[in-house]
Amino acid sequence: MASAWWPCLILALLSGLAASGFPRSPFLLLGKRSLPEGVANGVEVYSTKINSKVTSRFAHNVVTTRAVNRADTAKEVSFDVELPKTAFITNFTLTIDGVTYPGNVKEKEVAKKQYEKAISQGKTAGLVKASGRKLEKFTVSVNVAAGSKVTFELTYEELLKRHKGKYEMYLKVQPKQLIKHFEIDVDIFEPQGISMLDAEASFITNDLLGSALTKSFSGKKGHVSFKPSLDQQRSCPTCTDSLLNGDFTITYDVNRESPGNVQIVNGYFVHFFAPQGLPVVPKNVAFVIDISGSMAGRKLEQTKEALLRILEDMEEDYLNFILFSGDVSTWKEHLVQATPENLQEARTFVKSMEDKGMTNINDGLLRGISMLNKAREEHRVPERSTSIVIMLTDGDANVGESRPEKIQENVRNAIGGKFPLYNLGFGNNLNYNFLENMALENHGFARRIYEDSDADLQLQGFYEEVANPLLTGVEMEYPENAILGLTQNTYQHFYDGSEIVVAGHLVGEDVNSFKADVKGHGAANDLTFTEEVDMKEMEKALQERDYIFGNYIERLWAYLTIEQLLEKRKNAHGEEKENLTAQALDLSLKYHFVTPLTSMVVTKPEDNEDERAIADKPGEGGDSHTGEPRDVLPDQLPASSKPLLLRGWGSPLHHPSSRERRCPLLQHQ
């Protein structure tokens, strides 16, 4: 299964201080007592609204901010939104005094030519870039004449993925000043029915939250509204600065009367599969741990703390530790069962781990894979158990086989498709693209572990995602010759608390019923789950179109298809890569998604002339070693460039320092 993902959004609207000659200081953004409330540097942000419609896990989000320049001179206003890295921007419009400037999604190469032309003329736009663990920041700035009003509207979509038994929308709110009309409004429609819904904010007391927050759910519908008054936004009763600076979290789950649920709308279907109450399949886990010199200190201590917690949850499983530095050592010669005696010995071993030497990723992984293969061949593990490799490293291979492509080939051949590989990259000083590609190629995923005080909890949190496999060898079967464009329908594992999602396009208009079969290997026996759908009954069940957007399943299918095509593309070559790229590009353009293959072109007014702005999707195209952006230095830019650029990682304009890579913030040249 792909890792669960939580939608996150930070909203920050800043009045531009550059026009008046002041630096962009966050302290100046808090407002002064001599100014009217909600006005900073002459610009009043009088309305900000986040409107989300979630239909069958597919979220359609619109962020709208309205401002007016109350100064007697033109001011620059910047609109900043942080959105999930898994989201695709679908639209952006800029409206000034009633005139709307829309965004258009174009192939990246086409947009790049327009972008470079603007740069050569000394013009600029805005940017989209990575920001923190799960976010990327969208920014656009515009000069607003005295007395003029401006409206920014950004739309993005994504599929909410189930994580530890619930879907989560994580909104980090940060408006920087008091706003007369501030509102978060979320409507949720789930045909299966909503079983729980909650919302909470970290930045406001429960007493104040109670009157500003409303949440309710009944049957298929849920609603959350957060609408703090000006007084509730104040950091103190007489202050003019805002306390809205923190996490706003919405969580929910759906009723699961049957293991799966199929929905069909306008010729497209989606199948959600998440059985409950099944016994856990026993695991055989090879922990392959980097103990090279660079892991010294806090990183190794946090790794030990996480492993000790993980050992507490490993009753009856089989395990071994493979440590690699310049050479490879192991705790045991082969996998052993997690009996109380062995677990106590394992704890002692983990506590004694010490850093030393170089980094031999290749030999460490091959030793762990070999142990799992031998355990199966020699019948040391239960027949109906499942094997997993978990590898953690903080750097690149520098001894033994150090070529990434050769290590990838060796690992692929050794695993032979039999079990998944999960790669954990500790920190930023490593080739994350290599770790991700190698994991994806072996039916796993990669996760970056950030060098923060909670790194041990990040490690433990990852393990909890894969700790309880309920099924292995999952196959989703649908009517033959009746479906086009079927998304991935085979999975090595189904983990407790997650969900498998498959979508496709139905062909033929005379379909009266639809049948889906799911087959998998359980802890005790092989299982088959069947879902049958009566098309007429389905049509009646989804009558409430006023509450949902009608083509949501088609857009969900397109989103999921693009996401999986881009994933496959990472390990493809030659003609196969060209075909995958062409398919993903066609869908991105058709459905107006800003993906790594497309850019959004925004035409903006600037000094009475049209100006192009480009929004790219961060991700692919970064430095081949770090996976971060590879750009030219700011001093190579035209001297007349202004901080108005809409572009992303991998586009040719910003070179972050190592500090910025650790804590990427909005940069204005």
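Let me start with Phe79, which is buried at a relative accessible area of 0%. Buried means under 20% relative accessible area, exposed means over 50%, and partly exposed is in between, with a 1.4 Å probe and protein chains only. This is a predicted model, in which local features need pLDDT of at least 70 and side-chain atom pairs count only at pLDDT 80 or more, while totals for chains, interfaces and linings use all residues. Residues are numbered from 1 along each chain as its sequence is written, and side-chain values use heavy atoms, with hydrogens and water left out.

Phe79 is one of the residues with the most contacts inside the largest nonpolar core, which has 56 residues. Others in that group include Phe92, Ile184 and Phe248. A nonpolar core here is a set of buried Ala, Val, Leu, Ile, Met, Phe, Trp, Tyr and Cys residues joined through side-chain atoms within 4.5 Å. There is a second, separate core of 37 residues, and Trp331, Phe349, Phe462 and Tyr463 are among its members. As a general point, nonpolar side chains in soluble globular proteins tend to be buried together.

Now the aromatic rings. Rings of Phe, Tyr and Trp (its six-membered ring) pair if their centres lie within 6.5 Å; planes under 30 degrees apart are stacked, over 60 edge-to-face, and the rest tilted. By this rule there are 25 aromatic pairs. One of them joins Phe79 and Phe138, edge-to-face, at 6.2 Å centre to centre and 75° between the planes. Phe79 is in strand E5 (residues 75–84) and Phe138 in strand E9 (residues 135–144), so the pair ties together parts 59 residues apart in sequence. Strands (E, at least two residues) and helices (H or I, at least four) are DSSP runs, numbered from the N terminus. Phe138 also counts as buried, at 0% relative accessibility.

Phe287 and Tyr463 make a tilted pair, 6.3 Å centre to centre with 40° between the planes. Here the pair ties together parts 176 residues apart in sequence, because Phe287 lies in strand E19 and Tyr463 in helix H9 (residues 455–466). Phe287 is buried at 2%, and Tyr463 is buried at 2% as well.

Where is Asn284 found? Asn284 sits in strand E19, residues 283–290, and is buried at 1% relative accessibility. Its side chain makes a polar contact of 2.9 Å with the side chain of Ser385. A polar contact is a pair of N or O atoms within 3.5 Å; within protein, one must be able to donate a hydrogen and the other to accept it, and residues adjacent in sequence count only if both atoms are side-chain atoms.

Asn69 is in strand E4, residues 58–69, and is buried too, at 1%. The Asn69 side chain reaches the backbone oxygen of Val144 at 3.0 Å. A polar atom of that side chain lies 3.3 Å from the backbone oxygen of Ala145.

Last, a sheet. Four strands form an open sheet in the order E28-E26-E30-E31, with antiparallel pairing. Two strands pair if DSSP finds at least two bridges between them. The edge strands, E28 (490–495) and E31 (526–534), each pair on one side only. Strand E26 (residues 469–477) and strand E30 (residues 513–521) pair over 4 bridges. Met476 has Val518 in E30 as its bridge partner.
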